Amino acid sequence: MCRASCKASPDRGLVESTQLALLLPLLLLSLFAVVQAGIWLAGRSTVQQAAMAAAEQAALADANPADAQRVAAELAARGGLTAVSVELTTTGTSVDVRVDAQVPALLPGQWSQVTASAHRVTQA
């Protein structure tokens with residue numbers, strides 16, 4: 001038998017709705033932040049691979065700097081990156097490559113910028 005204290009409060013539905021209205025945006029923000037972090041990490045890996053490939057291409061004995069920049073841009077584009085910038089610096093004995101790009105952004109802010117650099121010694 002149910003006593004008077006067992007009866008549902010008429011305010012119970014309102015309390016649950018308020019809790020859901022407060023917690024749902026936080027849960028969605030957390031979910032989007034985790035997804036954005038995964039996208040950023042994948043983009044960072046891609047831009048690092050692009051920088052290393054460009055440095056290896058530029059370090060060849062008969063290398064053309066335009067070929068190295070093309071290699072980096074193609075790898076970054078295949079990885080889903082946009083606004084790719086490749087900066088190639090060649091000294092007498094080494095090559096430095098810096099690649100900047102943007103990943104797709106779910107959240108506003110600086111989540112979309114990825115940068116990597118690579119250094120290789122040139123072949124004689």
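I took helices (H or I, at least four residues) and strands (E, at least two) as DSSP runs, numbered from the N terminus. On that basis I looked up the secondary structure, and the chain comes to 2 helices and 3 strands. Reading from the N terminus, I noted the order α-α-β-β-β.

A reminder on provenance: this is a predicted model, where local features need pLDDT of at least 70, side-chain atom pairs count only at pLDDT 80 or more, and totals for chains, interfaces and linings use all residues. Residues are numbered from 1 along each chain as its sequence is written, and side-chain values use heavy atoms, with hydrogens and water left out.

**Sheet**

How are the strands ordered? I found an open sheet of 3 strands in the order β1-β2-β3, with antiparallel pairing (two strands pair if DSSP finds at least two bridges between them). β1 (82-90) and β3 (113-121) each have a single partner strand and stand at the edges, so one side of each has no neighbour in the sheet. From one strand to the next, the twist averages 15° (axes are lines fitted to C-alpha atoms, for helices over the stretch in contact, and angles run from 0 to 180 degrees between N-to-C directions).

I then checked β2 (residues 94-102), which is joined to β3 by 9 bridges. In this pairing, D96 sits opposite H119 of β3.

**Helix α2**

I saw that α2 (residues 65-78) lies across β1 and β2, and that α2 runs at about 150° to β1. Its 14 residues should span 20 Å at 1.5 Å a residue, and its end C-alpha atoms are 20 Å apart, which agrees (the expected span is 1.5 Å times one less than the number of residues).

Which residues of α2 are buried? I listed A68, V71, A72 and A76 (buried means under 20% relative accessible area, exposed over 50%, partly exposed in between, with a 1.4 Å probe and protein chains only). Seen down the axis of α2, these fall within an arc of 125°, so they line one face of the helix (the arc is that of the directions from the helix axis to the C-beta atoms).

**Backbone and totals**

After α2 comes G80, with a positive phi near 85°. A83 belongs to strand β1 and counts as exposed because its relative accessibility is 55%.

Last, I noted that 23% of the 124 residues in the chain are buried.

Conventions: Contact means heavy atoms within 4.5 Å.
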